[in-house]
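Here are my notes on the structure you sent. They are numbered so that you can check each point against the model.

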Amino acid sequence: ADGGVRELRARAVVLTTGTFMRGLMHTGMERTPGGRAGEGAAVGISKALQDLGFELGRLKTGTPPRLKRATIDWEGLEAQAGDESPLPFSALSGRADALAQGEITGAAELLSGLIERFPLLEQVECRKTATNGQTHELIRANLHRAPMFSGQIEGAGPRYCPSIEDKVVRFEGRDSHTVFLEPESLRSDWIYCNGISTSLPRDIQDAMVRAMPGCERAEILRYGYAVEYDMVRPHQIHATGMTKLVEGLFLAGQINGTSGYEEAAAQGLIAGVNAVRWCASESEWVPGRDEAYIGVLMDDLVTKTPTEPYRMFTSRAEHRLMLRADNADDRLTGTADELGLLSQTPLGRMRRDLFARRQEQLHRLRALVGGGAGPSGSGGELIRQMRGAGFDWCDLRALVGDEFDRSVLETVVAEVRYEPYVERERREVMRRRATERSRIPAWMDWSTCSTLRAEAREALTRFRPDTLGQAGRLEGITPADLTLVSVLVRRAWQERGEQ
């Protein structure tokens, strides 16, 4: 605040700059330094990273206008309700039953207010409207005033979350695009216009919004804008988030070329855990591509060059049948406990108790299903029935009774349904595991490996993969290259006497 310089020292630092590194916001021809409306840009970080030798890139993202709810014909628009029975992320949500039965130990009095009901907050409806031909003609006539088409913006934007300008140009045959009007808060009247992210000038945004049904008199509280920002090309980090140039410096989030929200949070978890473990001289933690979507995300970042903000899709995971939402607890709770992420507080103890209860129920239900869910039943017949169309957890509950939690029933139904495919994936994982995590020496000089093709040497020199698995997924590396790389790596370790 006083303009002075302060030096803060730490054994490890996690840098999470979001969209703020040399952030520049665009609304029409207006340019405002900043990474978010009302917040300034971080200018000096980019130069500091470049001075350390990092290669930077430039990306962009955008946001739609926000409307005042009272100026929208809310009741005249089609309602969009949430899930009738929403599923929580946390195993603790909605577990008043377990508290009441004394099945969970811990400070129930302290925590019951948090977990006794779900959803905890009042659920509110969204509304649906749409753009139309009038809107699209307006946008086409003003593309020269849109920063991304005028050349004003340098960075590449997210292909899977395009602006309304992009949609109109790319989908020329469409005369309408759906827009969801979403309340931003229970405490304000701000409405988020999901579907019309834009950087068009204010006057065009006014006309565009008011051309949508129900929004003829809508007042814009904040205009949409695009923001371009610097990022560090992620071939310069390890899958732990630590940079290859500076030990102890970790990068997480949009600085690594990803989109925000889930992708950024996942990287924060990886970088945070590994920063602490690095400070304590403990081994790194990097989940495999068959263990978690976070593992897929981190592996993709260090083996590919993003040309747009990276977004995590299920289609990017070759083992996605093993990475289901219903078995996330089973895959990762034990790991979380080993890493110290499950605290020794009452909350942590409750999580352990719930996990133990779930494992016990899974064991019993799998045995029941294998035996036909009853003394006179046929396991094979039940399994064929469970693989049939339309069979769900309610059907299984009707066969086995009410003693099993819904989440346990859902997992067992999914396990039975996908079992032949999952087993095939497991065999493939086991086949690859021998080479997947084989370490590559950091001191390998690929430029001197004349037996490798030039393209392979260039890819290996640029990305500096940590493992043979990462090397095999690099652009420009063929299966034949990988075979030769494994021979060179084994020879290099032998010469050092380390493997």
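1. Of the 499 residues in the protein, 43% are buried. Keep in mind throughout that this is a predicted model. The protein exposes about 26100 Å², and carbon and sulfur atoms supply 51% of that area.

2. For the overall layout, count the elements first: the protein has 17 helices and 12 strands. The C-alpha trace spans about 70 × 65 × 55 Å along its principal axes. Take the contacts between residues at least 6 apart in sequence: 70% of them join residues at least 24 apart.

3. Now the sheet. Strands of a sheet pair through backbone hydrogen bonds, either parallel or antiparallel. Here six strands form an open sheet in the order β6-β7-β8-β9-β5-β10, and the pairing is antiparallel. Which strands lie at the edges? They are β6 (78-80) and β10 (220-222), each of which pairs on one side only. From one strand to the next, the twist averages 40 degrees.

4. Strand β8 (residues 178-183) and strand β9 (residues 190-194) run antiparallel and are joined by four bridges. Glu182 stands opposite Tyr192 in β9.

5. Next, look at two helices. The axes of α8 (residues 262-279) and α9 (residues 293-303) come within 10 Å and cross at roughly 90 degrees. Angles of 65 to 115 degrees count as roughly perpendicular, so α8 and α9 are described as roughly perpendicular to each other.

6. Which residues of α8 and α9 meet? From α8 come Glu263, Ala266, Gln267, Leu269 and Ile270, and from α9 come Ile294, Leu297, Met298 and Leu301. By class, this contact of α8 with α9 has seven nonpolar residues, one polar and one charged.

7. Finally, check two backbone angles. Most residues other than glycine have a negative phi. Arg22 has a positive phi, near 50 degrees, and is not a glycine. Arg22 lies in the loop between β1 (13-15) and β2 (24-27). With a relative accessible area of 41%, Arg22 is partly exposed.

8. The second case is Arg464, whose phi is positive at about 45 degrees although this residue is not a glycine. Where is Arg464 placed? Arg464 sits in the loop between α15 (454-463) and α16 (468-472). Is Arg464 buried or partly exposed? Its relative accessible area is 24%; buried means under 20%, so Arg464 counts as partly exposed.

Methods: Residues are numbered from 1 along each chain as its sequence is written. This is a predicted model: local features need pLDDT of at least 70, side-chain atom pairs count only at pLDDT 80 or more; totals for chains, interfaces and linings use all residues. Side-chain values use heavy atoms; hydrogens and water are left out. Two strands pair if DSSP finds at least two bridges between them. Axes are lines fitted to C-alpha atoms, for helices over the stretch in contact, and angles run from 0 to 180 degrees between N-to-C directions. Angles under 35 degrees count as roughly parallel, over 145 as roughly antiparallel, 65 to 115 as roughly perpendicular and the rest as oblique. Contact means heavy atoms within 4.5 Å. Ala, Val, Leu, Ile, Met, Phe, Trp, Tyr, Cys and Pro count as nonpolar, Asp, Glu, Lys and Arg as charged, and the others, Gly among them, as polar. Buried means under 20% relative accessible area, exposed over 50%, partly exposed in between (1.4 Å probe, protein chains only). Accessible areas come from the Shrake-Rupley method with a 1.4 Å probe; for residues, only the protein chains shown count as cover.
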